[in-house]
Amino acid sequence: FDVSAYTEGQIFIDVTAEAGTSTLDITIQTSPDNLTWYTHTTVGQITATGQTRAAATNFGNYLRINYVVGGTSFTFSVTGVFKN
């Protein structure tokens, strides 16, 4: 997402279901050009349902969320709220 007009944001992760013994790793990545991506923030490993929030400041022109599910499965959503 192009976030060049914003100076800070909040990332909200809402896990509504987890099957078996699973893990969810979420990384906020930033880019100056939408081609080369750098790790901005790594959210602590999630292992159960619930809500998690991460603050994001000093990011580049673009932002994306990378995730890895280990184990069986997770049902989750990620929402970003930004302001300038």
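Read along the sequence, the protein chain runs β-β-β-β-β-β. It has six strands and zero helices, where helices (H or I, at least four residues) and strands (E, at least two) are DSSP runs numbered from the N terminus. This is a predicted model, in which local features need pLDDT of at least 70, side-chain atom pairs count only at pLDDT 80 or more, and totals for chains, interfaces and linings use all residues. Residues are numbered from 1 along each chain as its sequence is written, and side-chain values use heavy atoms, with hydrogens and water left out.

**Overall dimensions and contacts**

- Along the principal axes, the C-alpha atoms of the protein chain fill a box of roughly 40 × 25 × 15 Å.
- Of the contacts (heavy atoms within 4.5 Å) between residues at least 6 apart in sequence, 77% join residues at least 24 apart.

**Surface and burial**

- The accessible surface of the protein chain is about 5000 Å², computed by the Shrake-Rupley method with a 1.4 Å probe.
- Carbon and sulfur atoms account for 48% of that surface.
- The protein chain has 84 residues, and 25% of them are buried (buried is under 20% relative accessible area, exposed over 50%, partly exposed in between; 1.4 Å probe, protein chains only).

**Positive phi in loops**

- Most residues other than glycine have a negative phi.
- Asn 34 has a positive phi, near 70°, and lies in the loop between strand S2 (23–31) and strand S3 (38–46).
- Asn 34 is partly exposed, at 40% relative accessible area.
- Asn 58 also has a positive phi, near 55°, and sits in the loop between strand S4 (50–57) and strand S5 (62–70).
- Asn 58 is exposed, with 73% relative accessibility.
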